[in-house]
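These are my notebook entries on one structure, set down in the order in which I looked things up. The structure is shown first, and the entries follow.

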Amino acid sequence: MPATPRKYIILAYLLAGLILIVASYSLPLWLPGDFVTAAYSGSEITLTAVQAQELHAFYAHDQSLRSYMADVFTLKWGYSYVFQVPISELILEALPWTLVLMGSAHVLATVVGFIAGVEMAWRRGRLVEKLGVGGATVMAGVPELGVGVILLLVFSLHLGWFPAAGGKTVYADYAGCAQLLDLGRHLTLPLTTLFLAYLPANFFLTRGSMVLILGQQFLETARVKGLPPIRIRYAHAARNALLPLATHFGMRFAFMVTGAVVVETIFAYPGVGALLFNAITLRDLPLIQAIVLFSSLAVLAVNLCLEFIYAFLDPRVRYVS
Amino acid sequence: MSPDVWKKLTSDPLFILGAALFAIMAFLLVGGSWLGVHDPHDMSFAPLSSPSLQHWLGVNDGGMDIFAELLSGIKNTLVFSLLAGLTSLLLGVVIGMLCAWVGGLTDQLLMRFSDILLAIPSIMLLILVAAFFRVSAPVLGLILAAMTWPTTAKIVRAQALVIRKSLHIQAARHMGASGFYIIRRHMLPELFPVYLVGFASKLRMAISMETTLSFLGLFDPARKSLGMMINYALKYYYLDIWWNWFLPPVLCLTMLIMATTLISLSMERVFDPRLGGFVEAGSR
Amino acid sequence: MRVSIFFLISTAINISTPVAAQELEIRIADSKGDWGAPNPFHHYPRGPGYVRMSWIFDTLIWKDQSGYIPALATKWLYDPERMVFCFHLNPRAKWHDNTPLTAADVVFTLAYFKKHPYHWISTAPIKTAKALNPHSVEIHLATPYASFLSDIGGSMPILPRHIWENVKEPHSFSAPEAFIGSGPYRFVDFNKAQGSYLFKAFADYYQGRPKADRLIYFRSGRPLVSLSTRQADLCSIDADMAQSLENNGFVVIRNERGVNRKLMLNHRKAPFNQKNFRQALALAIDRQEIIAKSQRGFGTPASYGLLSIDHPMYNPDTPVYHFNLSEARRLLETLGYQRATDGFYHREGQPLEVQLLSSSFSATGQGAPDRDAQVIKKQLENLGVRVELIALEQATADSKIQNWEFDLAVSGHGGLCGDAKILNEMIASSYGAGSVNSARYDENPELNQLLEMQMREMDKNARTKIVYRIQELYAEELPAISLYYPFSLSAYNPHKGIDWFYTKGGIGKGIPIAQNKMSLIRP
C-alpha cells in the first residue's frame with residue numbers, strides 16, 4: 001500500500017466530518033411530519049386552527065446552515081422540544097446506560113470470542129472445535145429478538161429471577177452494594193441477549209484469522225525455538241488476529257446508538273437508542289439532529305483512532321514479507 | 001466447479017447439513033401449493049385456532065393460516081436477502097479491488113465515503129425512505145446494499161493489498177502485465193474464497209436486516225415476512241401461542257442463517273484451508 | 001383460549017421493595033414511561049401526561065365513578081341571569097409550600113392561562129373573574145358555555161399565584177417551585193432516561209392524608225410481566241390478559257366505552273365528497289368481523305353518531321348501517337359505477353381505486369399493528385372497490401391526514417364519554433382544524449349550527465335534545481365512519497388496599513385512565 005501521509009488521512013476525516021454535519025443539518029428536515037402534529041395527534045386536546053398555527057410558530061425550525069454549524073462548533077446543542085431542557089443534559093443522562101449495556105456486551109463478546117476463537121483454531125479438527133463451531137453457528141442464527149423474548153419469558157415472567165424492565169429499581173433508595181446488585185440484576189438479561197448476539201461474529205472472526213496465521217512461517221520458527229504453546233498462541237499468533245477484531249470492534253460503534261434498540265425496547269432499558277427513537281416518534285427535531293450527529297461523529301473518531309492503531313497491529317508487515 | 005471440489009464439498013458434513021436445510025426450505029416453497037397450503041392472505045379462518053390437520057400451525061389473530069404465512073414469509077425473506085446480499089457484495093468487491101489497485105486519493109476518498117456510510121445507521125435511513133417514499137421491498141433491498149457494501153470493500157481491499165504484494169503478482173507486473181489482466185486473472189480468482197464467504201455473511205446480514213425491518217413494520221403490511229410474524233406473535237406473548245406461532249418463524253430464521261453459515265464454513269475449508277472462515281464484520 | 005403455561009406456574013413471586021414496613025408504596029407501570037415533567041407547561045399533551053400532573057395540581061372540581069365531586073371548591077353555583085359561576089373554595093386548601101390557597105390564585109390562574117394558553121382548556125368564553133372574599137370566586141362568562149364545568153371547573157389546574165406571577169416564560173421555567181401545587185402529592189423526581197416519576201404524599205392535603213406515602217411511575221416494556229411479578233401494582237392491560245390475571249388474584253376493571261376506532265374519509269375530494277358513496281362504504285363494512293379479527297372479539301360496534309353508547313346524551317335512535325352488500329352495491333350503481341367481470345367497479349372507464357392509510361406502527365416498533373386496515377381492505381374489495389393499503393409511520397400518516405393527502409385512513413381517539421363538546425371538536429373545522437382526528441366537516445349548515453347551539457345551551461335537557469339531533473345528522477352525513485370501541489381494561493393488585501376505578505366520562509377532559517387521585521384519598 002502506498003503510504004498515505006498522516007495529514008492526508010486527517011484531512012480526509014475532517015472532510016467526512018464536515019459532510020456529516022451538513023447531513024445531520026438536513027437529515028431531520030426530510031422527516032415527514034412535524035412536532036406539533038406528532039405531539040397532539042393522539043391527544044385528548046383538539047386544536048383549533050389558530051392554536052395549531054401558534055404552536056407551529058413556536059416550534060418553527062428554520063435555522064440557517066451557518067448558524068447551525070456555529071452552534072455545533074461552540075457545543076450549543078439547543079433545547080429539546082419535548083423536554084424543554086438542554087439536549088446535552090438529555091444525552092449525558094442516557095449515554096451512561098447505553099455505554100454500560102453496549103460497552104460491556106461488546107467487551108465481553110470480544111474477549112470471550114477472542115479467547116474461544118484462538119483456542120478453537122489451535123484445536124482445529126478436533127471434536128471440541130467442531131462442537132464449538134456448531135454451537136456458534138446455531139447462536140449466530142437465532143435472532144436477537146428471539147433470544148431477548150425467550151429470556152424475558154423464562155427468567156423474568158416464569159422464574160422471576162430477574163426484573164422485567166428498566167435499568168434499576170426506581171426510587172428504591174438502595175445503598176452501596178445493594179444498588180450495584182440491583183443494577184446488575186437489571187443489566188443481566190439485556191446484556192446476555194446482546195452478548196449472545198455479538199459473540200459468534202467475534203468468534204468466527206478470530207478463529208478465521210487464527211487459522212490463517214497458524215499456517216505462517218514465523219510460527220514454525222517459534223515452535224522450532226521451543227516456545228511454550230500458550231506463548232506461541234497468544235504472544236505470537238493471536239496478536240495478528242487482533243487487527244480484524246479491532247476493525248470489527250470499531251465498526252460496531254456505528255451501531256452503538258441504534259444497535260440496542262430491539263433490546264432496549266424488549267427490556268425497556270434506558271439509553272440513547274430509546275431517546276433517539278422517542279425523538280423520531282415525536283419529531284423532536286433538535287434532539288434528532290444532535291443524537292445523529294453525536295453518534296456519527298463518534299464513529300468517525302473511532303475509525304480515525306483505529307487508523308493509527310493499525311500501525312501497531314498490522315499483521316501484513318509480518319507475514320507477507 | 002471442478003469435480004474434485006464438488007466431491008470434497010459433498011463429503012463435508014457441514015455442507016451436507018447446510019444444503020439439507022436449504023433443500024427443506026426449497027421443498028416447502030416449491031411444494032407449498034402441492035401440499036395444499038392455504039392462501040396466506042385468506043382471513044376467513046377462526047382466529048387463534050390451535051394447530052389441526054386443516055391448519056398445521058394453527059391460525060393467527062387475523063384468521064390467517066400460520067403455515068401459509070410462514071412459507072410466504074420465507075420466500076419473501078430469501079428473495080430480499082439474495083437481492084440485497086448479491087448487490088452489496090458486487091459493490092463491495094468492485095470498490096474494494098479498485099481501492100487496493102489504484103490507491104492514493106481515490107482510495108482515500110472511497111474509504112472515507114465508506115466510513116460515512118458506516119457511520120449512518122442503515123436502519124434509520126431505511127425508516128426515513130420507507131416512511132417518506134413508500135418504496136417497494138426490492139428497492140429497499142438495493143438501498144440496503146448501497147449502505148452496506150463498505151464492510152466487504154474494506155475486507156476485500158485489505159486482502160487484495162496483501163495479495164498484491166505477493167511474489168507472483170509482483171512478478172507478473174514486472175513482466176509487464178496490465179492491471180486489468182492481473183486483477184482478472186490473479187486477484188479475482190485468488191480472492192474468490194474471500195468474497196464467497198463474504199457473500200454468505202452479506203446474505204446473513206440481509207436476512208437479519210429484513211427481519212428487523214419487517215419487525216418494525218416498514219414493509220407493505222400485505223407482504224408476509226418472518227419479522228412481521230414475530231412482531232404479531234409477540235403481541236400475544238401471554239397466550240399459549242409461542243410454540244406454534246412465535247417459535248416457527250424464529251426457528252426458520254435460525255435455520256436460514258445457520259444454513260448460510262454452514263455452507264460458507266464448509267466452502268472455506270474446501271476452497272482454501274489456509275483462509276479460515278473470514279466472517280466479516282457487521283454480519284448481524 | 002388457553003393461557004400460557006408461564007402464567008399458571010408463575011405464582012406470586014414477591015419481589016419485595018425495600019421500604020420501611022409502615023410506608024405504603026404504589027408502583028404504576030406503563031410502556032412509554034416518559035410523559036414530560038408534571039406541570040401544566042411541561043407535560044406531554046396526552047392523557048398520561050395530564051394524569052401525572054393531576055397528582056400535584058388540583059382543580060376546582062373533580063370526577064369519580066358517578067360524576068362531579070368537590071375538589072378545591074366545596075360548592076359551586078351557576079346564575080344564568082348574570083352568566084356567572086360562583087365557586088366556594090375549601091378553606092383548608094393550601095399549597096405544598098404551606099401558603100394558603102385563596103380565590104386570588106384562581107383569578108390569577110385564569111388570567112395566566114389567557115396569556116399563556118394551556119390547550120386542555122379554553123379560556124375564550126370567560127370575561128372576567130373576581131375574588132369575592134379569600135374563599136369565594138366569581139367567574140363571569142362572555143357567552144353561555146355549556147362545557148364550563150368539564151373544561152374550566154374539572155380540567156384547569158390551579159396555579160399558585162405567588163410563584164407564577166413573576167414567570168414570564170412558563171415553558172422554560174423548571175425550577176423546583178414550578179412543581180408546587182395543591183394536590184394530594186408533592187413532586188419529588190422525574191427521571192427522563194428511566195421514564196420514572198416519584199411523588200410523595202402531601203400530609204396536609206385538605207381532603208386528608210393520602211393513603212400511599214410514595215407513588216411511583218415507571219417504564220416497563222411488558223407491563224403484564226411487571227404486574228404478575230408484583231413489581232407493578234397497577235397497569236392497563238389487553239383484554240386477553242384479563243382472565244389469567246383474575247385467576248392470579250388481580251382485580252380487573254373495565255372502562256366505559258369512551259375510545260373508538262374510526263375510518264376517516266377525505267370528504268373534500270371525489271368520490272368521498274358524495275354522501276351516498278360514504279354510506280355505501282359504511283354498508284359494506286362488517287364491523288363484527290373487524291372486531292373479531294382485530295380485537296379477538298373484545299370490542300363493541302360503535303354508534304354512527306360518534307358519541308359513546310355509554311354517554312348520558314347518547315341518542316338510541318341514531319341511524320345504523322347494518323352490513324348489507326347488495327344495498328351498498330345499489331348505492332354505488334346509482335352513482336354511475338358499473339361492476340366489471342372481475343368484480344370491481346368502474347366508472348367512465350376508470351377503475352374505482354382508493355388508498356387506505358394505516359398508521360399502525362411507530363418508529364420504535366412497539367406493538368404490532370392491528371388488523372383493522374387489513375380487514376377493511378378485504379371487505380371493500382369484496383364490495384368491488386380496489387384498495388391499496390399503505391402503512392406509514394404514525395407521525396407521517398398523521399401529517400398526511402392533517403394535510404388532506406389521503407383517501408381513507410384508520411384512526412382513533414378517546415373522549416367519547418366526556419362532555420358533548422367532543423362532537424364539535426371531532427366534526428367542525430372551527431373547533432378541530434388543528435386536529436388529526438377531527439373530520440373537519442362543514443358541508444351541512446344545520447349540523448354546524450346545532451354544534452354552535454349546544455355549546456351555548458346551559459339547560460341540560462334542552463342541550464340533550466340538540467345533541468340527539470347532532471348525532472342523527474352526523475350518522476347520516478358520515479364525515480367519518482365510526483367502527484368500534486375496543487375494550488379498555490386495567491388490572492391492579494388488591495393486596496395494597498387501594499381500589500382503583502375508572503372515572504365516569506374519563507379523568508378531566510375524558511382521559512380513559514384508571515388513575516384517579518380519589519382512589520388514594522378516600523377511605
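**Entry 1: helices 8 and 10 of chain C.** I looked up the axes of helix 8 (residues 275–284) of chain C and helix 10 (residues 325–334) of chain C in this predicted model. They come within 8 Å and cross at roughly 160 degrees. Axes here are lines fitted to C-alpha atoms, for helices over the stretch in contact, and angles run from 0 to 180 degrees between N-to-C directions. Helices (H or I, at least four residues) and strands (E, at least two) are DSSP runs, numbered from the N terminus. Helix 8 and helix 10 of chain C are therefore roughly antiparallel to each other; angles under 35 degrees count as roughly parallel, over 145 as roughly antiparallel, 65 to 115 as roughly perpendicular and the rest as oblique. I noted the crossing of helix 8 of chain C with helix 10 of chain C as left-handed. That term applies if the near helix is turned anticlockwise from the far one by less than a right angle, and right-handed applies if clockwise.

I then listed the contact, for which two residues need C-beta atoms, placed from the backbone, within 7 Å. Helix 8 of chain C contributes C:Asn276, C:Gln279, C:Ala280, C:Leu283 and C:Ala284. From helix 10 of chain C come C:Leu325, C:Glu327, C:Ala328, C:Leu331, C:Leu332 and C:Thr334. By class, this contact has 7 nonpolar, 3 polar and 1 charged residues. Ala, Val, Leu, Ile, Met, Phe, Trp, Tyr, Cys and Pro count as nonpolar, Asp, Glu, Lys and Arg as charged, and the others, Gly among them, as polar.

**Entry 2: helices 9 and 11 of chain C.** The axes of helix 9 (residues 287–294) and helix 11 (residues 372–383) of chain C come within 9 Å and cross at roughly 140 degrees. Helix 9 and helix 11 of chain C are therefore oblique to each other, and their crossing is right-handed. I found C:Glu289, C:Ile290, C:Lys293 and C:Ser294 of helix 9 in contact with C:Asp372, C:Val375 and C:Ile376 of helix 11. This contact has 3 nonpolar, 1 polar and 3 charged residues.

**Entry 3: helix 4 of chain C.** Why is helix 4 of chain C largely enclosed by the rest of the structure? I found that 7 of the 8 residues of this helix (residues 148–155) are buried, so it is largely enclosed. A residue is buried if 20 or more other C-beta atoms lie within 10 Å of its own, exposed if 12 or fewer, and partly exposed in between. The buried residues of helix 4 pack against strand 2 (61–63), strand 3 (68–70), strand 4 (73–79) and strand 5 (84–89) of chain C.

**Entry 4: chain A against chain C.** I found 52 residues of chain A in contact with 59 residues of chain C. On the chain A side, 30 are nonpolar, 17 polar and 5 charged.

**Entry 5: A:Ala109.** This residue is found in helix 5 of chain A and is buried, with 23 other C-beta atoms within 10 Å. A:Ala109 touches A:Phe195, A:Tyr198, A:Leu199 and A:Asn202, not counting residues up to four places away in sequence.

**Entry 6: confidence and conventions.** The mean pLDDT (the predictor's confidence in each residue, from 0 to 100) of chain C is 89, and 94% of its residues reach 70 or more. In chain C, pLDDT stays under 50 over residues 1–20 and over residues 362–366. Where pLDDT is low, the predicted coordinates should not be read in detail. The predictor gives the complex an ipTM of 0.81 and a pTM of 0.85.

Residues are numbered from 1 along each chain as its sequence is written, and chains are lettered from A and ligands numbered from 1 in the order in which they are written. In this predicted model, local features need pLDDT of at least 70 and side-chain atom pairs count only at pLDDT 80 or more, whereas totals for chains, interfaces and linings use all residues.
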